[in-house]
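Please keep the sequence and the structure in view while reading.

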Amino acid sequence: MSVPRFWRQQVQRYNLVGTHCKNCNEYYYPPRNTCPICRREGAIESYKFKGLGEVVSYTIIHTAAEGFEHQTPYVLGIVKLDEGPRLTSQIVADIDEVEIGTRVRPVFRKLGQSGDRGMIYYGTKFTPV
Amino acid sequence: MTVGIVSYGAYIPKYRIKVEDIARVWGDDADILSAGLMVNEKSVPDLDEDTATIAVEAARAAICRAGINPSRIEAVYTGSESHPYAVKPTSTIVAEAIEATPSMTAADFEFACKAGTAAIQACMGLVQSGMVDLGIAIGADVSQGAPGDALEYTAAAGGVAYIIGSNESEMVAVIEDTFSFTTDTPDFWRREGMPYPEHGGRFTGEPGYFKHVMGAARGLMEKMGTSPEDYDNAVFHQPNGKFPSKVAKMLGFSKEQIKPGLVVPWLGNTYSGSCMMGIAATLDQAKPGDRIFATAFGSGAGGDAFSFRVTDRIDEVRDQAPKVEELLANPVYMDYAMYAKHKGKIRLG
């Protein structure tokens, strides 16, 4: 990932900052500039998610992408935040600890790095409550 | 102007390795080592944890404990000897993650194991002068010990954050005074680009730890006109259990006084977080009106001594964030091979 690309999304990765449409009360993560439901009538505002949610689906990664080979086996899950949006995230837990419906909370972790000389990417992962 | 701790927060990774598992690999006697060091096990960071992630978790716990509006934090200082970048501040990552940016100042501190308390002193000056509303001082480390070196038995991971302010009604503890004792003493160092520190073996004891802890502690008590009997509890930098126990006795403090803050047997040495973790564990069980004496030590070398007076506010905020005892509970143990992987000690490719 390029340095500017990560930097532009840094705030929402560090703190789960998305958007909320005051017109239809829908929440979005990642943030949207316009509400796809209300369109021109939409009233978008920045919104910091509480971070609590539940695992709606997950998989155990045994054959990982480059940079994650030495973390296997690890849990990759779809987390539904209490406000509604779903996002994909690594679940920091023993692989036997996660089930569909497991309640999770956010933790601040390293997401990756560009080799030994490049930037270190930080952000939010989830762990069982 | 009064200055004190407005809130505090700690973080300890869940993984541990026992001294006996390290001793087995290097052919050492675990019983002799554990008894000599008074350390049974130490914390180990997860694969995706480093000083920055630990500092953020500790800072967030401190903000949560007292319900602080992070925009009031106008100085963020992180003390560590294992900053993830050689050039690029850990403190800007922390400041962004706790939403204190952008109207604030930030910098990283380094003074071996006492960089965090040096940061507390800097925050004290800033809030007392009125330059900032609140400052946060963090001590965090994923400390390094070379394979087979004596340091490997104790070098641990953890972090503690203290929010410093000058509004007495907000304080959980008033900082009555502080005193530092510093000389140029080469007892421990790590050269630029080197993965592990070097140390002077037994030279780290008398001319390093004991001289500077005694100098700072005696200096503060002389300055304030206090004696060990005036304090309910005391905390000394804990690179192992033996040194703080011995220095407490030399100064005239009892075993009971240091007991609440002596967390090293089940945690190891969290370096910049070491003395600060002991202070946090002591605050976790302190009563309003208690007085706490603390002295941090950093190789190189220096000691920072503090005198705290706990306020009524402690009872309101104590349970709003995890206590040190809770963070130490239910650890996940790993063997030396997994520990070596977590600490990046296995050469790949």
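Chain A comprises two helices and eight strands, where helices (H or I, at least four residues) and strands (E, at least two) are DSSP runs numbered from the N terminus. Along the sequence, these elements of chain A follow the order α-α-β-β-β-β-β-β-β-β. This is a predicted model, in which local features need pLDDT of at least 70 and side-chain atom pairs count only at pLDDT 80 or more, while totals for chains, interfaces and linings use all residues. Residues are numbered from 1 along each chain as its sequence is written, and chains are lettered from A and ligands numbered from 1 in the order in which they are written.

The C-alpha atoms of chain A occupy a box of roughly 50 × 35 × 20 Å along the principal axes. Of the 129 residues in chain A, 25% are buried; a residue is called buried if 20 or more other C-beta atoms lie within 10 Å of its own, exposed if 12 or fewer do, and partly exposed in between, with C-beta atoms placed from the backbone. Two residues are in contact if their C-beta atoms, placed from the backbone, lie within 7 Å. Among contacts in chain A between residues at least 6 apart in sequence, 45% link residues at least 24 apart.

The peptide bond from Tyr29(A) to Pro30(A) is cis, with omega near 0°, and Pro30(A) belongs to the loop between β2 (27-28) and β3 (44-48) of chain A. The loop between β2 and β3 of chain A also holds Arg39(A), a residue other than glycine whose phi is positive, near 50°. Arg39(A) is exposed, with 9 other C-beta atoms within 10 Å. A cis peptide bond also joins Thr72(A) and Pro73(A), with omega about -10°; Pro73(A) is located in the loop between β4 (53-61) and β5 (74-81) of chain A.

Where does chain A meet chain B, and how many residues are in contact? The two sides consist of 11 residues of chain A and 15 residues of chain B. On the side of chain A that touches chain B, α2 (10-15), β7 (103-113) and β8 (120-128) of chain A each supply at least two residues. By class, this side has five nonpolar, four polar and two charged residues. Here Ala, Val, Leu, Ile, Met, Phe, Trp, Tyr, Cys and Pro count as nonpolar, Asp, Glu, Lys and Arg as charged, and the others, Gly among them, as polar.

Chain B is assigned domain 1 (4-171 + 322-342) and domain 2 (174-315), with bounds that come from an automatic or database domain assignment. The centres of domain 1 and domain 2 of chain B, taken over C-alpha atoms, are separated by 15 Å. Between them, 48 residues of domain 1 of chain B are in contact with 43 residues of domain 2 of chain B. On the side of domain 1 of chain B that touches domain 2 of chain B, α5(B) gives the most, with six residues. That side of domain 1 of chain B has 24 nonpolar, 16 polar and eight charged residues.

Strand β4 (residues 73-79) of chain B is mostly covered, with six of its seven residues buried. Strands pair if DSSP finds at least two bridges between them. β4(B) pairs with β6(B) in the parallel sense over six bridges, and Tyr77(B) has Ala137(B) in β6(B) as its bridge partner. Five bridges join β4(B) to β5(B), also in parallel, with Gly79(B) opposite Phe109(B) in β5(B). Together, β4(B), α4(B) and β5(B) form a right-handed β-α-β unit; right-handed denotes that, with the strands pointing away from the viewer, the path from the first strand over the helix to the second runs clockwise. Glu99(B) lies in the loop between α4 (90-97) and β5 (105-109) of chain B, and has a positive phi near 65°.

A nonpolar core is a set of buried Ala, Val, Leu, Ile, Met, Phe, Trp, Tyr and Cys residues joined through C-beta atoms within 7 Å. The largest such core has 129 residues, and Ala58(B), Ala59(B), Val94(B), Ile138(B), Tyr162(B) and Ile164(B) touch the most other members. Helix α3 (residues 51-66) of chain B gives the most to this core, with 10 residues. Leaving aside neighbours within four places in sequence, the contacts of Ala58(B) include Gly9(B), Tyr11(B), Ile138(B) and Ala140(B).
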